[in-house]
Amino acid sequence: MNCMVVESGGDRVVIDCGLMFPNAEQALGVEVIAPDLAYLRAAGKVDAILLTHAHEDHVGALHYLLREFPEATVCGTRFTLAVVKEKLAEQGIAADLHAVEPRTMGMVGNHIDFEPLQVTHSVPDAVGYALLTEAGLVIHTGDFKVDWSPVDGKLLDVRRFAELGETGVACLLSDSTNAEREGTTASEREVGESLMRIFAGPMAKGRIVVAMFGSNIHRAQSVVRAALAQNRKIVLLGRSMQTNVRLALDLGYIRCPPDSFVDPEAAGHFPGRELVILCTGAQGEPRSALARLALGEHPTVHLEKNDLVILSSRVIPGNDRTLGNIIDHLMRRGCRVMSSSTGSTELVHTSGHACQGEQRMMIDLVRPRSFVPIHGEYRMLAAHARTAEAAGVSPLACVIAEDGDAVELRKDEIVAVVPNAVSAGRLYLDARGGFADVGEVALRDRQLLAETGMLVCLCVLDHKSGEVVRGPELLGKGVAGLDESRLAQARQAALDALAELAPAQRTDHGMVEEALRRAVRSVWRKGLEKRPMVLPVVLEM
Ligand SMILES: [Zn+2]
């Protein structure tokens with residue numbers, strides 16, 4: 001959920017606007033989490049939006065931003081804009097899209113010059129940005145790794161980063177995702193070579209399924225190459241896989257003969273050993289193509305004994321359990337499953353993010369006067385700051401800024417970090433395209449209801465005397481220990497609580513409700529040490 005604002009001399013640039021998918025705890029009816037744009041709304045103006053690359057956590061919430069700032073120019077490279085255009089069309093949003101290229105300068109408003117900087121990452125056409133502001137040159141790396149043999153041959157622009165370093169960089173903002181990992185990441189090409197060997201090897205008896213992120217076009221290209229080398233055709237399953245590969249084919253980012261692909265509907269006509277199935281779902285997403293294959297729910301593609309499933313991605317913590325279930329189902333079908341954690345010596349995945357060695361190299365090239373680690377949890381930011389200090393950046397000039405903090409730069413120097421300078425909350429949205437923010441309070445209630453259930457305590461009182469006319473009656477949903485004797489006990493506790501109130505207090509709704517809530521809850525707390533949500537309903541007659 002990346003979204004950063006740069007302001008200089010009255011001009012305002014937003015770098016990326018991504019969304020996030022909820023984890024199991026947040027999932028209670030929430031489909032996506034988007035950044036709260038209240039600060040920008042109050043500020044009233046966005047001159048341009050610079051996009052670094054086409055991942056959801058960098059461009060997924062762009063349509064929310066554009067609905068509020070339709071006039072803002074959206075700048076991105078070719079592949080990024082192709083993906084964005086598709087997403088905006090789905091939402092019915094027109095935008096001023098402006099294609100940019102590395103080593104070509106652009107300008108935002110009157111005070112910010114920018115230049116895209118080519119980087120390597122797990123999606124084509126990823127860039128960072130150099131921003132020439134009134135306070136000096138700022139470099140934002142975007143997501144990056146240093147791949148010396150990228151599948152598409154487009155290297156990280158080491159020379160340009162170094163040149164900018166020579167001219168003097170006021171501040172470097174750099175990707176911290178792998179800041180806790182030593183060394184360097186393996187090249188995407190090594191994964192390609194691995195796939196080539198696996199496809200030619202003894203494990204490849206039947207179908208080969210490769211599950212991965214749809215946007216990893218370099219890897220998709222490697223899978224296509226390995227498939228064609230074994231005279232296999234490729235079947236694409238999962239919407240994001242189909243969309244991304246189609247875009248990549250149209251734009252020439254994947255090259256192969258036009259008859260390399262087979263429609264899923266026709267897959268049944270081919271023997272298993274002539275097919276490679278490239279699908280989404282490597283994170284264990286319950287409705288994904290891989291989950292359907294594992295459960296035997298796909299209408300035209302069926303997996304069987306001796307099929308090989310390769311999970312070509314890192315499992316995001318929190319997803320391991322659902323993915324584990326899918327692996328169980330695949331194995332029940334007799335499939336063999338390979339992943340980076342199954343002890344295979346073959347490399348079936350590599351990260352798109354720089355490890356410490358590459359992060360250090362970036363700092364050495366740019367030699368910034370100050371450093372702000374970005375992208376990652378606090379511990380990763382802290383580890384990255386240590387790397388910068390080790391590289392010679394003054395400890396005073398390495399600052400960790402969290403969501404909502406502002407970093408103030410003046411004449412090449414960080415002069416202040418203002419904590420919580422802007423509101424930077426999260427919007428929990430019911431639907432991807434919609435605007436219905438579930439809100440943190442409702443979400444807490446949903447959590448509580450899921451954990452403890454709810455009791456309704458209904459009571460009718462005489463509006464003058466406050467005497468109980470009917471009730472109290474209790475109704476429970478999802479509450480543990482809901483038996484007749486406990487209900488009777490709770491009814492009695494509620495009656496006693498009402499009796500303890502003075503007549504005048506009994507005509508005060510708030511007091512009556514509070515007394516009922518406390519009385520009913522105490523029965524569950526004493527007996528079961530549970531605190532179900534109690535909803536008192538008091539009516540007057
Ligand atoms: Zn990324």
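Domain bounds in these legends come from an automatic or database domain assignment. The model shown is predicted, so local features need pLDDT of at least 70 and side-chain atom pairs count only at pLDDT 80 or more, while totals for chains, interfaces and linings use all residues. Residues are numbered from 1 along each chain as its sequence is written, and side-chain values use heavy atoms, with hydrogens and water left out.

View 1. The protein chain is divided into domain 1 (3-184 + 352-429), domain 2 (188-339) and domain 3 (440-540). Taken over C-alpha atoms, the centres of domain 1 and domain 2 are 31 Å apart. Their contact (heavy atoms within 4.5 Å) takes 20 residues from domain 1 and 18 residues from domain 2. The size of an interface is often given as the accessible area lost when the parts come together. Here about 1600 Å² is buried between domain 1 and domain 2, and carbon and sulfur atoms give 53% of that area; buried area is the accessible area (1.4 Å probe) that two parts lose on being put together, summed over both.

**View 2. Helix 4 against helix 8.** Helices are DSSP runs (H or I, at least four residues), numbered from the N terminus. Helix 4 (residues 78-90) and helix 8 (residues 239-250) pack at an angle of about 130°, their axes 10 Å apart. That makes helix 4 oblique to helix 8. For reference, angles under 35 degrees count as roughly parallel, over 145 as roughly antiparallel, 65 to 115 as roughly perpendicular and the rest as oblique. Axes are lines fitted to C-alpha atoms, for helices over the stretch in contact, and angles run from 0 to 180 degrees between N-to-C directions. On the helix 4 side look for Phe79, Ala82, Val83, Glu86 and Glu90, which meet Arg239, Thr243, Asn244, Arg246, Leu247 and Ala248 of helix 8.

**View 3. Helix 6 alongside helix 7.** Helix 6 (residues 188-200) and helix 7 (residues 217-229) have axes 9 Å apart and pack at about 25°. This angle makes helix 6 roughly parallel to helix 7. Among the residues making the contact are Val191, Leu195 and Phe199 of helix 6 and Ser222, Val223 and Ala226 of helix 7.

**View 4. Helix 11 crossing helix 12.** The axes of helix 11 (residues 356-366) and helix 12 (residues 378-390) come within 10 Å and cross at roughly 50°. Helix 11 is therefore oblique to helix 12. Gln356, Gln359, Arg360 and Ile363 of helix 11 make the contact with His384, Thr387, Ala388 and Ala390 of helix 12.

Methods:
Helices (H or I, at least four residues) and strands (E, at least two) are DSSP runs, numbered from the N terminus.
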